[in-house]
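Welcome! Take a moment to look over the molecule below, and then we will walk through it together.

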Amino acid sequence: TYGKMDGLGASGMSAFSSDPKTQVMRQIQQEAAMQNARMLVEKLNEHCFERCVPKPGSSLSSGEESCFTTCMEKYMTAWNTVSKQYVARIQKESQQGGSGGSSF
Amino acid sequence: MDLASASPSSLGNLDLSKLSDRDKQELQQFVMNESQKARIQASIHSLTDTCFRKCVPAGTIKKGAGALDKYEEPCMRNCVDRFLDANFVVLRELERLRN
């Protein structure tokens, strides 16, 4: 599911290069990917805990767990929708010369 | 992207001083691109956060309804567009107040 969401990654670098430049590039991409994953986990947890566990008990019920599954699916679908819409909007605005001057 | 937060030990072992000028330039361009991509990713996370709250009503998630329904999906898309429109208004007004 992370692959589905990574619309902005993948540089296609050779897997066999180990020169310093490629190492740095790979390192930077890994950091970015980790940062992205961290943010996603944080948001998923926050939203789905809010919705699925209104009154924390002594353990998570199976109902609460399946709510989590559904909630996560919903949130990630929302993420994909936002991602597509956002990227399309930036591309459109950059083509129009960006006279609006929004800073992305 | 905050490059300062990248672990120093992993990058510090690499000898960047021996890189050619062309390599250095390529790296610089690469870093700029990756920074921009990271900024966009962060914006998407923030937007999804905000719009999910607005568009997917609070309360228990219905069982098995993993996709966005016919109200939620357009709401999410409108939310993104309106947010960016609002961003433009903010910038424009700030500029006006400045002058």
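## How the chains meet

Contact here means heavy atoms within 4.5 Å. By that rule, the contact takes 42 residues from chain A and 52 residues from chain B.

This is a predicted model, in which local features need pLDDT of at least 70 and side-chain atom pairs count only at pLDDT 80 or more, while totals for chains, interfaces and linings use all residues. Residues are numbered from 1 along each chain as its sequence is written, chains are lettered from A and ligands numbered from 1 in the order in which they are written, and side-chain values use heavy atoms, with hydrogens and water left out.

## The buried area

The size of an interface is often given as the accessible area lost when the parts come together. Between chain A and chain B, the buried area (accessible area, with a 1.4 Å probe, that two parts lose on being put together, summed over both) is about 4,700 Å². Carbon and sulfur atoms give 66% of this area.

## Charged pairs

Side chains of opposite charge can pair when their charged atoms come close. A salt bridge is a side-chain nitrogen of Lys or Arg within 4 Å of a carboxyl oxygen of Asp or Glu.

Which residue of chain A pairs with Glu26(B)? The partner is Lys21(A), with the closest N and O atoms 3.0 Å apart. This pair runs from helix α2 (residues 21-55) of chain B to helix α2 of chain A; helices are DSSP runs (H or I, at least four residues), numbered from the N terminus. Another salt bridge joins Glu72(B) and Lys74(A), whose closest N and O atoms are 3.2 Å apart.

## Helices of chain A

On the side of chain A that touches chain B, α2 (20-52) and α3 (62-95) each supply at least two residues. The largest share, 18 residues, comes from α2(A).
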